[in-house]
Amino acid sequence: MSGKRQAQLAYSEFQAAMLDEEKRRRKAAKIVAVLGHFLGRDKDVLHGLTVADIGCSAGFIADELAGAGASRTFGVDIDVPGLRKAAERFGERVEFVCADGTALPFPDGSIDVLVFNHIYEHVVDPDAIMAEMRRVLADDGVLYLGLGNRLGVMEPHYKLPFLSYLPPALADRYVRLSGRADSYYERYRTRRGLRKMVRGLRVWDYTFPVLATPAAFAGAELFPGVVGRVAGGVLARLPRSVLRGLLPVVPTYLWVATKSTRRPAGASLPQPPDPVRPL
C-alpha cells in the first residue's frame, strides 16, 4: 500500500468499529453537543437545518443528527454495504447517497451543517474533499471536523505506538510484523498540515473544552472513573499557555469551521474554544 492509493470501498466490511452502534452513537452525542455549543442551542440543536454526514458508513451518526432536529439529513459515502445497512434501518428519516466526497451531489451553499468525523486519513485526496465541502457549505454554515493527529503516540486503528510517524514503507512493515494488517493505509497529517487543509475557513478548536469539561459535551467516556475525573479537573485548571504547548501531540483535534465570522455562541467554559489560524 505504499504505492498509489486506491479508495477504500466497503470499509464497514473490514473495519468492525464502523458497526459498533453504541460507540458510534456516543461519538454522535459528542458531535451534537459541540455543534450545540457553537450554535448556542441546548435543545433541538439542528432544528430547521439541512445536515450532511460525509463518510457516514452504516449511518449511526447520521441517524443521531436527524434525531437532533435536522429538517433534512443526508448520509454520504462510497461504502455500498454500509449504505445498504443504513438505508434499511434509517432510510425513513435520512437520505443516504452513494457519492465520492470529491464530487458531492449538492448545489453550492446548500448545506447548513456538515460533519466530517475521522475520515480524512482514509481518503485519497482530503484537500479535494475539503474544497467540495467549502463549496456546498452555506455562507453561514458550520463544518464539524474530527481530525486525527499524525503525532499522536498511539495509532488509533491498530493500537501500535508511533505507527503514524513512519514513512509508508516502514509503516507497512511494522503493521505486518504486528500481525494486525497486511499494510497500513491511513495517512495522517500533523497539526500544521491540518491547518493548511482548512485554508479558506475560520476555525475554532474545541479539543480542550471537551477534554476539560467532558460531561458538558457528552464525552464522559473520555475520562472514565476517579482517575478520569482528576484528569478532567487538572485540564480545566491548567494555564492556557501550557495547554497550547501540548497541542502538537494531542491525538485528536475537534474543530468547528465556518466560512463566515461566526463565533461560538454557547455558555462560558473553564477552557473556552480557541481560534485556529489556518496556514
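In which strand does Asn117 lie? Asn117 belongs to strand S4, residues 111-117; helices (H or I, at least four residues) and strands (E, at least two) are DSSP runs, numbered from the N terminus. The model is predicted, and local features need pLDDT of at least 70, side-chain atom pairs count only at pLDDT 80 or more, and totals for chains, interfaces and linings use all residues. Residues are numbered from 1 along each chain as its sequence is written, and side-chain values use heavy atoms, with hydrogens and water left out.

The protein chain has 10 helices and eight strands. Its radius of gyration is 18 Å, close to the 19 Å that the globule rule gives for 279 residues, so the chain is as compact as a globular protein of that length. Here the radius of gyration is taken over C-alpha atoms, and the globule rule is 2.2 Å times the number of residues to the power 0.38. Along the principal axes, the C-alpha atoms fill a box of roughly 50 × 45 × 35 Å. Of the 279 residues, 50% count as buried (under 20% relative accessible area; exposed is over 50% and partly exposed in between, with a 1.4 Å probe and protein chains only). Among contacts (heavy atoms within 4.5 Å) with a separation of 6 or more, 71% join residues 24 or more positions apart.

The UniProt record, in an unreviewed entry, lists residues 53-145 as "domain: Methyltransferase type". UniProt positions are given in the numbering used here, feature names are shortened, and annotations may be inferred rather than shown by experiment. The span 53-145 is 32% helix and 30% strand, and its end C-alpha atoms lie 11 Å apart.

Helix H3, residues 60-67, is mostly covered, with six of its eight residues buried. The buried residues of H3 are Phe60, Ile61, Ala62, Asp63, Leu65 and Ala66. Their cover includes helices H2 (21-39) and H4 (80-90), together with strands S1 (50-54), S2 (72-77), S3 (95-98) and S4. Just after H3, Gly69 takes a positive phi of about 105°. In the loop between S1 and H3 lies Ser57, which has a positive phi of about 50° although it is not a glycine. Ser57 is buried, at a relative accessible area of 1%.

A positive phi is also found at Phe162, a residue other than glycine, where the value is near 65°. Phe162 is placed in the loop between strand S5 (137-148) and helix H6 (168-177). With a relative accessible area of 43%, Phe162 is partly exposed. Most residues other than glycine have a negative phi.

Asn117 counts as buried at 8% relative accessibility. Not counting residues up to four places away in sequence, Asn117 touches Lys27, Ile31, Ile61, Tyr144 and Gly146. One of these residues, Ile61, is among the buried residues of H3.

Val250 sits in the loop between helix H10 (240-246) and strand S7 (252-258). At 8% relative accessibility, Val250 counts as buried. Leaving aside neighbours within four places in sequence, Val250 is in contact with Asn149, Thr207 and Phe208. The C-alpha atoms of Val250 and Ala87 are separated by 35 Å, the two residues being 163 residues apart along the chain.
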